[in-house]
Amino acid sequence: AMEVCRPMQRSRACLAAGVALGLLAAPLSAQETPVAFVGARVVPVAGPEIPNGVVVVHRGKIVAVGAEGSVAIPPGALRRDVSGKVLMPGLVDTHSHIGGVQGADASAPIQPDVRAIDAINVADSALQKAQAGGITTVNVMPGSGHLLSGQTAYLKLRDRKTIDELLIATERGVTGGMKMANGTNSRRPPPFPGTRAKSAALVREQFVKAQEYRRKLSEAGGDPKKAPGRDLGLEALGEVLDGKRIVHFHTHRHDDILTALRLAEEFGFRVVLQHVSDAWKVAPQIAASQQVIGSSIIVVDAPGGKLETADVSFGNGAALEKAGAPFGFHTDDGIVDSRFFRREAGLAIRAGLSREKAIEGLTLAGARMLDLSSRVGSLEKGKDADLVVLSGDPFSVYTNVLETWVEGEKVFDRGDPKDRLYAVGGFGASHDSQGHL
């Protein structure tokens, strides 16, 4: 796939094309034998639950979903009897830090040229622990100590050895979003801003520069002699302005949330509001914004930490649902361990969220927030064969993830002692790639 690009070419479009071709081709070479999961309670997310369902996967894709008797199982298919179990789509985590990722440094508050892809350790045991939690798609982000801390990475948690083999390309030709932040995190001594107002002013200044850079590129008409010198940071922000790259905006307090909305509407970029601890205070304003794809919320069972999260509520999901604002959940791993991702939705149900939106918030809502809903987030024909086999109801504290599958390949099996170690912990469970039994 990478032969698409000549060695001296530096075009991001060329690189994206090579990555996309590689990723699209990967599942086709694997899983030549169809697999039929039969007997489970199937939770498609895109439709009503199927009490006694069948899901057939082949060559990394879902080829059929339906009730037993209504789905033709291909001759020679491997039948997996999962009677008494629950089968649902692989979980989508819209905000994680697995892989030991690091982003921008202390040299400046705005660094959109930094790429998380350059700092992810795919041998990190946290990836296996995420698989043990049923997570199959994840948005790995740099930290939130900067106004602009860099480009995120959208990963499929395949069992592979390099970051390139985990990257997942969106339909818009990018493999990640842009991390932004406001509030207390980015307020530090110079060169960082000291106030909230100065924080917003610096962001505005940078986006104005990006608009001007984009205008000059357009006027150059592809002529390198007329084009401005290449600026990696402004180039990345140009992708934000063009709608290719989603902004993932760390924000907590109600006034900070409104500032994030104001910036998104002023410059026309698409945004996912991350954390939004005070979402219940401004849910109607979030719902009214045309720039918000969704709110990515976290539900922690032991609140604490920074003062601006003092009013965080288990009822954030219910408040956003009532206002008609799309939302999903995230782990911010390790704030919430990836293995306990489902528990967040269960706590939100206790605070008034509907079961339907809780399931969607772990799967399809997250896929939409990553521009990946055409591939993941629900069990539908033609989508990637990412699924989770559960021992019981998704929101029961007694339920365990039994198996996790990515593109038709099993990446976690609780019955395997090596995988079980990552699920339950023990000596060696945090060693990179290989535990000690």
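**Figure 1. Strand 11 and its parallel neighbours in the predicted model.** Strand 11 and strand 12 (residues 271-275) run parallel and are joined by five bridges; strands and helices are DSSP runs (E, at least two residues, for strands; H or I, at least four residues, for helices), numbered from the N terminus. Two strands count as paired if DSSP finds at least two bridges between them. In this pairing, Thr251 stands opposite His275 in strand 12. The chain passes from strand 11 through helix 5 to strand 12 in a right-handed β-α-β crossover, meaning that the path from the first strand over the helix to the second runs clockwise with the strands pointing away from the viewer. Strand 10 (residues 178-181) also pairs with strand 11 in the parallel sense, over four bridges, and Lys179 stands opposite His248 in strand 11. This is a predicted model, in which local features need pLDDT of at least 70, side-chain atom pairs count only at pLDDT 80 or more, and totals for chains, interfaces and linings use all residues. Residues are numbered from 1 along each chain as its sequence is written, and side-chain values use heavy atoms, with hydrogens and water left out.

**Figure 2. Burial of strand 11.** Because five of the five residues of strand 11 (residues 247-251) are buried, the strand is largely enclosed by the rest of the structure. Buried means under 20% relative accessible area, exposed over 50%, and partly exposed in between (1.4 Å probe, protein chains only). In a regular strand, side chains alternate between the two faces of the sheet. Val247, Phe249 and Thr251 are buried on one side of strand 11, and His248 and His250 are buried on the other.

**Figure 3. The nonpolar cores.** The largest nonpolar core has 76 residues, and those with the most contacts inside it are Ile120, Leu155, Phe207, Phe269, Leu273, Ile286 and Phe329. Such a core is a set of buried Ala, Val, Leu, Ile, Met, Phe, Trp, Tyr and Cys residues joined through side-chain atoms within 4.5 Å. Helix 5 (residues 254-267) gives the most to this core, with six residues. Apart from it lies another core, of 15 residues, including Ile50, Val82, Leu87 and Leu387.

Figure 4. Phe327 and Phe329 form one that is edge-to-face, at 5.9 Å centre to centre with 85° between the planes. Rings of Phe, Tyr and Trp (its six-membered ring) pair if their centres lie within 6.5 Å; planes under 30 degrees apart count as stacked, over 60 as edge-to-face and the rest as tilted. Phe327 is buried at a relative accessible area of 6%, and Phe329 is buried at 0%. Phe207, Phe267 and Phe269 are linked into a cluster by ring pairs. The charged end of Arg188 sits over the ring of Phe192, 3.8 Å from its centre, while Arg343 lies over the face of Phe340, 4.8 Å from the ring centre. Here NZ of Lys or CZ of Arg must be within 6 Å of the ring centre and within 35 degrees of the ring normal.

Figure 5. The peptide bond from Pro190 to Pro191 is cis, with omega near 15°, and Pro191 is found in the loop between strand 10 and helix 3 (196-220). The bond from Asp333 to Gly334 is also cis, with omega near 10°. His275, in strand 12, has a positive phi near 80° and counts as buried at 5% relative accessibility.
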